[in-house]
Amino acid sequence: MPFSQVKQKLGELLNAYGTPRSRQQPELPFWHLRSDGLWEIPGAEELDKGKGGRRPLVTEMERAATGGFRADIDALLRADPQLLRRIARMLLDEHFPTSYHEDLITAVGLDLDEPLPKHTARDPAFRQQVLNAYGYRCAVCGLDPLIDGMRAVLEASHLQWHSHGGPSTIENGICLCPLHHKGLDLGVIGISDDRRVLVSSRLHGGEAIEASFGRYHQQSLIGPFHGYPSVHLDFVKWHTQQVFRNPPRR
Ligand SMILES: [Zn+2]
């Protein structure tokens with residue numbers, strides 16, 4: 001793959017799914033992936049690194065850098081489609097919350113034949129504790145559906161992602177409806193130090209967006225019930241720094 005051909009798409013993926021930054025640098029993963037030994041850029045040493053630079057200039061990479069898997073790795077992946085599936089599964093589990101998985105697979109154009117196994121039941125005790133603490137009510141919008149007496153729909157979200165060392169404890173959990181769970185994981189919803197809902201200024205859309213997100217900006221989180229701990233500020237801080245798409249609306 002010539003860097004010039006993947007640069008834009010890679011930048012878009014980093015914008016959508018990477019740690020929020022003011023400027024994404026797709027040349028970094030393209031270049032540094034080599035350190036795993038699976039990816040190579042033939043002729044990398046000849047590329048112009050400018051004066052004392054440690055990696056080639058971006059313009060030089062656009063001009064002449066072509067990267068790809070090593071021939072033996074490429075052959076392995078082509079010979080064993082299950083290997084690709086397992087690797088994709090592992091990368092998703094280790095680096096992204098489950099709410100990202102389907103979108104990400106679609107975005108990178110992977111065809112995995114069958115749907116990925118869901119790992120939502122990874123920690124049923126965590127889910128139960130969080131839903132109880134919040135009384136089966138979305139902490140953002142208050143949604144609390146009962147279907148023939150059955151409590152349904154609500155989800156327990158990790159504030160600091162489980163894939164990034166976030167513990168499965170009430171202090172790191174919030175009960176949310178699927179829409180606001182996804183909003184939290186995608187960084188369009190955040191939480192302030194005084195535990196109010198923040199909506200990112202980078203979320204745009206029509207009236208339905210105002211009705212579903214905008215109206216909750218600066219509103220206090222709903223719950224948990226008295227006697228249960230609120231979300232811990234350490235995890236709020238992690239989410240603010242790693243996930244939330246700053247700045248919040250004014
Ligand atoms: Zn909600």
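A residue is called buried if 20 or more other C-beta atoms lie within 10 Å of its own, exposed if 12 or fewer do, and partly exposed in between, with C-beta atoms placed from the backbone. By that rule Arg195 is partly exposed, having 14 other C-beta atoms within 10 Å, and buried residues make up 22% of the 250 residues in the protein. This is a predicted model, in which local features need pLDDT of at least 70 and side-chain atom pairs count only at pLDDT 80 or more, while totals for chains, interfaces and linings use all residues. Residues are numbered from 1 along each chain as its sequence is written.

**Overall architecture and confidence**

- The protein contains 10 helices and 8 strands, where helices (H or I, at least four residues) and strands (E, at least two) are DSSP runs numbered from the N terminus.
- The C-alpha trace spans about 65 × 45 × 35 Å along its principal axes.
- The domain assignment gives domain 1 (3-79) and domain 2 (123-242), with bounds that come from an automatic or database assignment, and the centres of domain 1 and domain 2, taken over C-alpha atoms, are separated by 36 Å.
- Of the contacts with a separation of 6 or more, 63% are accounted for by residues 24 or more positions apart; two residues are in contact if their C-beta atoms, placed from the backbone, lie within 7 Å.
- The mean pLDDT (the predictor's confidence in each residue, from 0 to 100) is 91 for the protein, and 96% of its residues reach 70 or more.
- Among the elements, β4 has the lowest mean pLDDT (84), whereas β8 has the highest (98).

**Nonpolar cores**

- A nonpolar core is a set of buried Ala, Val, Leu, Ile, Met, Phe, Trp, Tyr and Cys residues joined through C-beta atoms within 7 Å.
- The largest such core has 27 residues, and those that touch the most other members are Ala139, Cys175, Leu176 and Val197.
- Two or more residues of this core are given by each of α7 (124-133), β6, β7, β8 (197-199) and α10.
- Not counting residues up to four places away in sequence, Val197 touches Val140, Ile189, Ile191, Tyr216, His217, Gln218, Gln219 and Leu221.

**Strands β5 and β6**

- Strand β6 (residues 173-176) is covered on both faces, as Gly173 and Cys175 on one side and Ile174 and Leu176 on the other are all buried.
- Strand β5 (residues 155-158) pairs with β6 in the antiparallel sense over 4 bridges, pairing being assigned if DSSP finds at least two bridges between two strands.
- Within this pairing, His158 stands opposite Gly173 in β6.

**Helix α10**

- In helix α10 (residues 233-242) the buried residues are Phe235, Val236 and His239.
- These buried residues fall within an arc of 105° seen down the axis of α10, so they line one face of the helix; the arc is that of the directions from the helix axis to the C-beta atoms.
- The buried residues of α10 pack against β7 (189-191), whereas Asp234 and Gln241, on the other side of α10, are exposed.

**Arg55 and its surroundings**

- Arg55 is found in the loop between β1 (39-40) and α3 (58-64), and is partly exposed, with 17 other C-beta atoms within 10 Å.
- Leaving aside neighbours within four places in sequence, Arg55 is in contact with Trp31 and Lys49.
- Although Arg55 and Glu27 are 28 residues apart along the chain, their C-alpha atoms are separated by 9.5 Å.

- The peptide bond from Gly223 to Pro224 is cis, with omega near 5°, and Pro224 is found in the loop between α9 (207-212) and α10.
- A cis peptide bond also joins Asn246 and Pro247, with omega about -5°, and Pro247 lies in the segment after α10.
- Val153, in the loop between β4 (150-151) and β5, has a positive phi of about 80° although it is not a glycine, and counts as partly exposed with 14 C-beta neighbours inside 10 Å.
- Arg195 lies in the loop between β7 and β8, and its phi is near 60°, a positive value in a residue other than glycine.
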